[in-house]
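Please examine the following sequence together with its three-dimensional model. The paragraphs below proceed from the chain as a whole to individual residues.

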Amino acid sequence: MSRERATALLVDFDGVLRRWDPAVAVGVERTYGLTEGVLGEIAMSWGLLQPVLTGRVSHAEWVTSVAAALTPSVGAQRAQAAVDEWQRYRGEVDPQVLAFIREVRASGVPVGLGTNATDALDADLAALGLEGELDVVVNSSVVGVHKPAKEYFQAACEALRTPPSRVLLVDDDDRVVAGARVAGLSAHRWSGPGDLRYLRAALAPVG
């Protein structure tokens with residue numbers, strides 16, 4: 001039995017709409033005498049990351065905890081300076097994905113941003129010029145639960161005012177794609193702008 005055609009799109013932020021240049025973190029680590037990769041390793045450790053993604057701690061508190069973890073190796077002042085410099089870089093918008101989102105919205109299909117993010121998300125969207133580019137923003141730290149939980153996808157579909165069977169998720173994480181499918185959504189594993197042709201076809205009206 002074929003699936004219903006999607007009438008709403010849910011797009012991941014990091015890894016799809018927003019890209020990160022790994023050279024930025026490496027440059028900060030070299031400047032401050034840190035081991036290469038340590039910023040990401042500490043920041044993404046689940047014990048620190050999970051509370052900020054579910055809104056139990058703020059972005060500022062999370063950043064402070066990263067600096068605290070670095071303090072034994074370089075001292076408090078250098079640790080804080082390194083983290084501050086690392087945090088000033090807020091990534092870059094993928095222009096092809098943004099153009100696709102604009103195209104989809106122009107066709108009458110609502111587009112939501114579905115992301116595991118901190119309470120800094122709104123500021124990031126503003127800094128990257130993305131205000132007004134999406135119909136809804138579904139932030140895990142606001143919802144209180146993160147992808148790939150079924151409850152997250154239920155909240156996203158409610159925000160889009162679209163049943164799960166009619167929502168297409170685009171995400172670069174296999175676990176999130178699998179979770180979305182369990183929740184009843186269609187889901188595509190993003191591998192790069194080469195996927196846009198398929199996505200356009202998946203959202204094209206029949207007939």
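How far apart are the mean positions of the positive and negative charges of the protein chain? In this predicted model, the mean position of the 20 positive charges and that of the 26 negative charges are 6 Å apart.

The overall dimensions come next. The C-alpha trace of the protein chain spans about 65 × 30 × 30 Å along its principal axes. The radius of gyration is 18 Å, which agrees with the value near 17 Å that a compact globule of 207 residues would have. The secondary structure comprises eleven helices and seven strands. Among contacts in the protein chain with a separation of 6 or more, 66% are between residues 24 or more positions apart. Of the 207 residues, 46% count as buried. The accessible surface of the protein chain amounts to about 10,300 Å², and carbon and sulfur atoms contribute 53% of that area.

Attention may now turn to the aromatic side chains. The structure contains three aromatic pairs. One of them is formed by tryptophan 62 and tryptophan 86, whose ring centres are 6.4 Å apart. Their planes meet at 55°, and the pair is therefore tilted, since only angles over 60 degrees count as edge-to-face.

Tyrosine 152 and phenylalanine 153 form another aromatic pair, with 5.6 Å from centre to centre and 90° between the planes, an edge-to-face arrangement. Tyrosine 152 has a relative accessible area of 0% and is therefore buried. Phenylalanine 153 likewise counts as buried, because its relative accessibility is 0%.

Most residues other than glycine have a negative phi, and most peptide bonds are trans. The bond that joins lysine 147 and proline 148, however, is a cis peptide bond, with omega at about 10°. Proline 148 is located in the loop between helix H8 (140-143) and helix H9 (150-160).

Arginine 161 shows a positive phi of about 55°, although this residue is not a glycine. The loop that holds arginine 161 runs between H9 and strand S6 (167-171).

Terms used:
Residues are numbered from 1 along each chain as its sequence is written. This is a predicted model: local features need pLDDT of at least 70, side-chain atom pairs count only at pLDDT 80 or more; totals for chains, interfaces and linings use all residues. Side-chain values use heavy atoms; hydrogens and water are left out. Rings of Phe, Tyr and Trp (its six-membered ring) pair if their centres lie within 6.5 Å; planes under 30 degrees apart count as stacked, over 60 as edge-to-face and the rest as tilted. Buried means under 20% relative accessible area, exposed over 50%, partly exposed in between (1.4 Å probe, protein chains only). Helices (H or I, at least four residues) and strands (E, at least two) are DSSP runs, numbered from the N terminus. The radius of gyration is taken over C-alpha atoms; the globule rule is 2.2 Å times the number of residues to the power 0.38. Contact means heavy atoms within 4.5 Å. Accessible areas come from the Shrake-Rupley method with a 1.4 Å probe; for residues, only the protein chains shown count as cover. Lys and Arg count as positive and Asp and Glu as negative; His and the chain ends are not counted. The place of a charge is taken as NZ of Lys, CZ of Arg, CG of Asp or CD of Glu.
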